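Here is a short note for a colleague who is meeting this structure for the first time. The points below may be read alongside the model.

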Amino acid sequence: INDISNIVGVRDNQLIGYSLVVGLKKSGDGTTSKFTLQSISNMLKAMNIDMNPIDIKSKNVAAVVITANLGSFSRQGDKFNVTVSSIGDAKSLEGGTLLMTPLKGVDGKIYALAQGAVSIGGRNQRGVGSESHPTSGVVFNGGVVEREILIDLYHQEYATLSLKESNFKNSVAVQKAVNSFYNTQVAVAMDPRTVKLQKPKDKSMIEFLAEVQEINMTYKPKNKIVINERTGTIIAGIDI
């Protein structure tokens, strides 16, 4: 059941922030990126250094947007990777360091802080050779959780499964598998994607969900044909 469904409410949350990457070797934003110059000026003012944006000529700084996913049940102090992307005309972020950045959720609240050295590089989509993306990078373990998103599963009596694909047959199959496992009516298929669960009295919600996720069931997968673009290999799915 875990392979075809998610527990409603247990999910990642997206975060975003704006900051500067410093320490670049003249590969940062030029003077045409006015917002970068203004950001540098604002940062210096916060450090009691009054500088007019017009007088700033440094090309060692780049304005960036930071994006990240805050995992479910993350706790204060937990670390995670953040993605750094240039929004100016910087040529490369290689060798740069991200300054401390507050990361906000959709509600505008700060949930994490990010800071650290930016790592550049990777592989192309086909997995052949190396292909660098100099205007974006990753700060590994650069994010630190400051505010927790509390999800109280332990005291709940009901939980909801959401199937990854809408299918009446699979929804009913989940209901039958769970009810057969517990030999009682604890699962009800509400629609082709939703199954509502009621916790048995002799188990905690955590124990119940752990068992439910491991229950085997009859599953009808979606028919697929997969074509490997690089080799031209064609893989036919079930019943094709």
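**Notes on strands and aromatic rings**

1. Strand β4 is joined to strand β7 (residues 136-145) by six bridges, and the two run antiparallel; strands here are DSSP runs of E with at least two residues, numbered from the N terminus, as helices are runs of H or I with at least four, and two strands pair if DSSP finds at least two bridges between them. Within this pairing, phenylalanine 80 has glycine 143 in β7 as its bridge partner.

2. This is a predicted model, in which local features need pLDDT of at least 70 and side-chain atom pairs count only at pLDDT 80 or more, while totals for chains, interfaces and linings use all residues. Residues are numbered from 1 along each chain as its sequence is written, and side-chain values use heavy atoms, with hydrogens and water left out.

3. Strand β3 (residues 62-70) also runs antiparallel to β4 (residues 79-86), with four bridges between them, and isoleucine 66 stands opposite valine 84 in β4.

4. Phe181, Tyr182 and Phe208 form one aromatic cluster, where rings of Phe, Tyr and Trp (its six-membered ring) pair if their centres lie within 6.5 Å, and planes under 30 degrees apart count as stacked, over 60 as edge-to-face and the rest as tilted. The count comes to two aromatic pairs. The ring centres of phenylalanine 181 and tyrosine 182 are 4.9 Å apart with planes at 75°, so this pair is edge-to-face.

5. The rings of tyrosine 182 and phenylalanine 208 have centres 5.4 Å apart and planes at 55°, so the pair is tilted. This pair links distant parts of the chain, with tyrosine 182 in helix α2 (residues 168-182) and phenylalanine 208 in helix α3 (residues 205-213), 26 residues apart.
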